[in-house]
Amino acid sequence: MFYGTQLNSRLMLGTAQYPSPQVLREAIAASGAEVITVSLRREGSAGDAFREILRQSGCRILPNTAGCHSVREAVTTAQMARELFGTNWIKLEVIGHADTLQPDPFALVEAARILTEEGFDVFPYTTEDLIVGERLIEAGCRVLMPWGAPIGSGQGLRHREALRSMRAHFPDVPLVIDAGIGAPSQAMAAMEMGFDAVLLNTAVAKALDPVAMARAFGAAVAAGRAAHDAGLMPCRDMATASTPLFGMAELA
Amino acid sequence: MISVLGTGVAGLCAATALAERGFPVEVIAPGDVPAPASHLAGGMLAPFCEGEAAPRVVVSKGQAALGWWQARVPGVEQRGTLVVAPPRDAAELDRFARATQGHRAVSPADLEPELAGRFARGLHFPDEAHMDPRAALAHLRARLVAQGVAFREEAPRGDIVDCRGLAAAGHLPDLRAVRGEMLELCAPDVQLTRPVRLLHPRFPCYVVPRGGGRYMIGATMVESARPGPVTARAVMELLSAAYTLHPGFAEAEVIATGAGLRPAFPDNIPALRHAPDRIHLNGLYRHGFLMAPVLGEELAAALAAPLTKDVTHAH
């Protein structure tokens, strides 16, 4: 449940860098995603033609504050997003470093507090740091979006053990792996670890065939979730034969 | 009589193709409209490079553009396109190679000696070319005038071929604007002889030599209809990309900046659209110089075929 909304698909897609809005639309459909995220900082209020295409996708829109480097910028962008899309959902990004696009946790918490007080449902893009996560929850966030790896890097789950700890630390908070996913296997691994959803953009948008890649990610996320729900077997140190070694029939 | 609306690359190519087939043509150019988006174009004829993101039809049909321009305007230089990536983004070059055809791996310094020591690997697309877009359009216009084609400001007198780009958006509800920003630099110390594309995950750019030490640096792609001047962010990104390509650009003079709105259909493919009262040639997106000749010829061929002509009129 993401702020009271139940989703069938646990894949969320970004909408930037596609070859065309047409390809984007087909990719969304092929992926089965029900939530798409869209940036506003650069496009501003004059980007309505593109936003109309996004609205027509039928997906729930999660506007984001990508490209914002300060609390004030992020808050203003969120307010504009609410006006343009008529939604309280906001994916909060406050970038701390221009090269790694690493989130600035201090500004993030502050912006999250302001926005939740204004009635926003905040989806904060954060690191796997547990204390930052707690502060965000304190600030009113009911979802956390830890990064897998830096945005657009395709490195996958770079700090897997830290993410595992985070999952264990926040058992009742929806956790979405946001950013850094490059391959369906990485998305699937995140779902097997028990994360609630995966959000990605570049891996699909910049694939040679974005529509086919979107389909692959949709299938991987569904499979990962199904595997998690079915109960994965534990790793064992020793081989364990699945058929009995003793008492076999003597056929000779 | 056929009345072509618009004097950008779409209108001039359509008028040229129609006039060459013997149609009586006039071009309607109201004096108070802004300069066409094609004046800000890179002027590259790069169907293979564009294939990185463009659909196959742009790659295959666009290959006809080079011969079309060479036969009609001077200054079309076929020196190919050079594509490079900074060392830490070398994987981008492999992706670009996988996504495109018509290239060979090169050592960039073999083609552009000033890039020696900066880029170890590159791709050369030998069948691509470039030209100065404004000079080419001025020549095309003079050529039409010499053929007796009238350029008028008044109401059209013939069947309408609408090539007005975004000014035709009222007739084309799915036409949208994609903002583009560019710079022109004067850098006499930089000696590049062909378009060079710098691949970067966030700030890709191309540099097109305009001759006389001038270079065009382009271009951003923003899903916005905002018409205003170039943004500081665009200037910073384009300049830092140009500087990454060649440090000599640091001392360049910024002689012009430009921001324009590309007309685009949802699939970003330029197209002819038949409406009851007109034929549209529009949605050129970032493929104006590549696809306007192709669509102009398709339009002229369709109108010249008697059967098709009837169909067109019946619309």
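Which residue in S8(B) is the bridge partner of B:Ile28? The partner is B:Arg152.

This report concerns a predicted model, in which local features need pLDDT of at least 70, side-chain atom pairs count only at pLDDT 80 or more, and totals for chains, interfaces and linings use all residues. Residues are numbered from 1 along each chain as its sequence is written, chains are lettered from A and ligands numbered from 1 in the order in which they are written, and side-chain values use heavy atoms, with hydrogens and water left out.

**The sheet of chain B**

Strand S2 (residues 25–28) of chain B runs parallel to S8(B) and is joined to it by three bridges. Strands are DSSP runs (E, at least two residues), as helices are (H or I, at least four), numbered from the N terminus; two strands pair if DSSP finds at least two bridges between them. Both strands belong to an open sheet of six strands with mixed pairing, ordered S8-S2-S1-S9-S16-S15 in chain B. Its edge strands, each pairing on one side only, are S8 (150–152) and S15 (271–275).

**Cysteines**

A disulfide is a covalent bond between the sulfur atoms of two cysteines. With the criterion of a pair of cysteine sulfur atoms within 2.5 Å, a search of the whole structure finds zero disulfides over all chains.

**A buried asparagine in chain A**

A:Asn201 lies in the loop between strand S8 (197–200) and helix H8 (202–205) of chain A. This residue is buried, with a relative accessible area of 18%. A polar atom of the A:Asn201 side chain lies 2.9 Å from the backbone oxygen of A:Ala16. Leaving aside residues up to four places away in sequence, A:Asn201 touches A:Gly14, A:Thr15, A:Ala16 and A:Tyr18, where contact means heavy atoms within 4.5 Å.

**Helix H6 of chain A**

In helix H6 (residues 160–169) of chain A, the residues A:Leu163, A:Met166 and A:Arg167 are buried. They lie on the same side of H6(A) because they cover an arc of only 100° around the axis, taken from the directions from the helix axis to the C-beta atoms. The buried residues of H6(A) pack against helix H5 (130–138), strand S6 (145–146) and strand S7 (176–178) of chain A. On the face turned away from the buried side, H6(A) carries the exposed residues A:Glu161 and A:Ala168.

Notes. Buried means under 20% relative accessible area, exposed over 50%, partly exposed in between (1.4 Å probe, protein chains only). A polar contact is a pair of N or O atoms within 3.5 Å; within protein, one must be able to donate a hydrogen and the other to accept it, and residues adjacent in sequence count only if both atoms are side-chain atoms.
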